[in-house]
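Thanks for coming. I will go through one structure and take a few places in turn. Please have the sequence and the 3D view open.

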Amino acid sequence: AWTAWRAAWRSIRHERKEKRMGFGNDYLQEERKAELQYWLSGDYESFCGKKKEIYLAAGKAIKDAGHTSPGHSPGGYRNELKYAGDLELAFRIETEEKKFRSVRKQLPAPEYAKWLQKLVRLRNQYARTAGFENYLDYRYALWGIGGDVFARAASRQRKAEKTDSMELRRWLGEVSADHRLAVENQRALFREIDECWNLNGSGIQIHDEDLPGFYIGACVPVSIPDDIHVLINRRPGLSGFSVFMHEIGHGFYYTNIAAPDIHGRREPFNLIMEETVALLFENQVYTDGFSREFLHTDRGMWLPKAEFQLDYLLCCAEFEERIYRKADPDFDAEWKAACAFTGEEEGDGWTKPHFFVSNPGYFAAYFIAAFLAKETYRYADRESRDLFDFIRNEICSPGGALAYEAFLEKVLP
Ligand SMILES: [Zn+2]
């Protein structure tokens, strides 16, 4: 009788746990496991196959359960949207994307345009099957980017001071010669930073050997907050090191999420907040403080670096806003218009950034995050607060329970 009772109790407990975890958690975690394998091995075929299996199962489960959208906090991630719409079409698009990415640098511009045009059309078609007007709206909803935050940040950024990029480049070249930024010394440098900034980074698993070379860095949380992986193909110099710190920023965010969301899970709030933290870490290596403490100079270039990055991101985000909301956009003309809108040089043009092919909508998220990172940094400075305490206690720790509007009010004066 004792054993039977125990078995019954175990099954009740299991059921309760399922409820608490909420719908979709298992699918998310399965996808992350597959994703980690992909970054470690570079085997895209297996990843894509596995992912498709997971998505189709999740999509079916949602339909069978009559689930529409589970409750969510405004502006928070809506992971259930991953499994909405015509998933067969979604994976046809993904395959197309992958083919395009592998040859895009060799393509002449007209062919490039044709292929991107086709992708934009297919993506918009998919978005409509998921109940959205166009693919950008779909992605923004999925990532929890609501309301007018893009327009608000864009109009402020357009008034910001322009960066002298020549001076920034000169400075970067100078400080990057420091032997501490050589690939073989970056691990030791990170250990010192970890200690100095009190990051408690030892919980993050760092992989930096024998990785496929097609990316610099990635961060995958298999389970939050206790199984977080940063993968890094080290590059020399301050820019190379800042990418590593960016990924550490993601890791720091996940490992410091204390408050669970309404499903009882510890998950990030939305893509913007996640990237904001990562960018705060990335840009921290451009501060006077970092230069003084760790490099051979006492002058940083934090603000010029932040502004430089912001103008470029805004230009790319504006371009995408234009090409997804028009029926037959002319890419050259839209790029010109986006550059004029932001005061950017037309430079290498719209065929340069791979995110237009690989991650539509990401530039807007990235831009808003970079803008918030700048304003968060200035806020902490104004209020004489320790930046890392602020990040830990007021962004990471609330996790899925973050009071987003209140946060925006605070850092956007
Ligand atoms: Zn990131």
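Predicted model: local features only at pLDDT ≥ 70, side-chain atom pairs only at ≥ 80, totals over all residues.

In which loop is Asp210 found? Asp210 is in the loop between β1 and β2.

Asp210 has a positive phi of about 55°, and it is not a glycine. At 77% relative accessibility, Asp210 counts as exposed. Asn198 also needs mention, with a positive phi of about 60° although it is not a glycine. Asn198 sits in the loop between α9 and β1, and with a relative accessible area of 54% it is exposed. As background, most residues other than glycine have a negative phi, and most peptide bonds are trans.

Pro225 lies in the loop between β2, residues 217–223, and β3, residues 227–232.

Next, the metal. Which protein atoms are the donors of the zinc ion? They are NE2 of His246, NE2 of His250 and two OE atoms of Glu275, lying 2.1 to 2.6 Å from the zinc ion. Along the chain, the donors follow the spacing H-x3-H-x24-E. His246 belongs to helix α10, residues 237–255, and Glu275 to helix α11, residues 271–284; the two are 29 residues apart, and the pair links distant parts of the chain. Both His246 and Glu275 are buried.

What about the geometry of the site? The angles among the four donor atoms run from 53 to 147°, and the site is irregular. For reference, ideal angles at a metal are 109.5 degrees for four tetrahedral donors. A caution for anyone setting up a calculation: water is not among the atoms, so sites may look incomplete.

Now the aromatic rings. The structure holds 42 aromatic pairs. I will show one of them, Trp197 with Phe388, which is stacked, at 5.0 Å centre to centre and with 25° between the planes. This pair links distant parts of the chain: Trp197 is in the loop between α9 (186–196) and β1 (204–207), while Phe388 is in helix α17, residues 387–396, and they are 191 residues apart. Trp197 is buried, with a relative accessible area of 13%, and Phe388 is buried too, at 6%.

Lys98 lies over the face of Tyr44, 4.6 Å from the ring centre. The charged end of Arg234 sits over the ring of Phe244, 4.5 Å from the centre of that ring.

How many disulfides are there? The count comes to zero. Take Cys219: it is in no disulfide, and the nearest cysteine sulfur, that of Cys396, is 12 Å away. Cys219 counts as buried, at 13% relative accessibility. Cys48 is buried as well, with a relative accessible area of 12%.

Glu307 is found in helix α13, residues 302–324. Is Glu307 buried or exposed? Glu307 is buried, because its relative accessible area is 7% and the cut-off for buried is under 20%. Apart from residues up to four places away in sequence, Glu307 touches Gln157, Ala160, Glu161, Thr163 and Lys374.

Glu375 lies in helix α16, residues 362–382. Glu375 is buried, with a relative accessible area of 7%. With neighbours within four places in sequence left aside, Glu375 is in contact with Val411, Leu412 and Pro413. Its C-alpha is 9.5 Å from that of Lys410, which is 35 residues apart from it along the chain.

Ser176 has its place in helix α8, residues 165–176. Ser176 is partly exposed, with a relative accessible area of 24%. Leaving out neighbours within four places in sequence, Ser176 is in contact with Leu181, Gly237 and Leu238. Ser176 and Gly240 are 64 residues apart in sequence, and 9.2 Å apart in space, C-alpha to C-alpha.

That is the list. I will take questions now.

Conventions
Residues numbered from 1 in each chain as written. Heavy atoms only, no water. Phe/Tyr/Trp six-rings, centres within 6.5 Å; stacked < 30°, edge-to-face > 60°. Helix = DSSP H or I, 4+ residues; strand = E, 2+ residues; numbered from the N terminus. Buried < 20%, exposed > 50% of the residue type's maximum accessible area, 1.4 Å probe, protein only. Lys NZ or Arg CZ within 6 Å of the ring centre and 35° of its normal. Disulfide = S-S within 2.5 Å. Donors = N, O, S within 2.8 Å, 3.2 Å for Na, K, Ca; no water. Tetrahedral: all angles 85-135°; square planar, octahedral: opposite > 155°, others 65-115°. Contact = heavy atoms within 4.5 Å.
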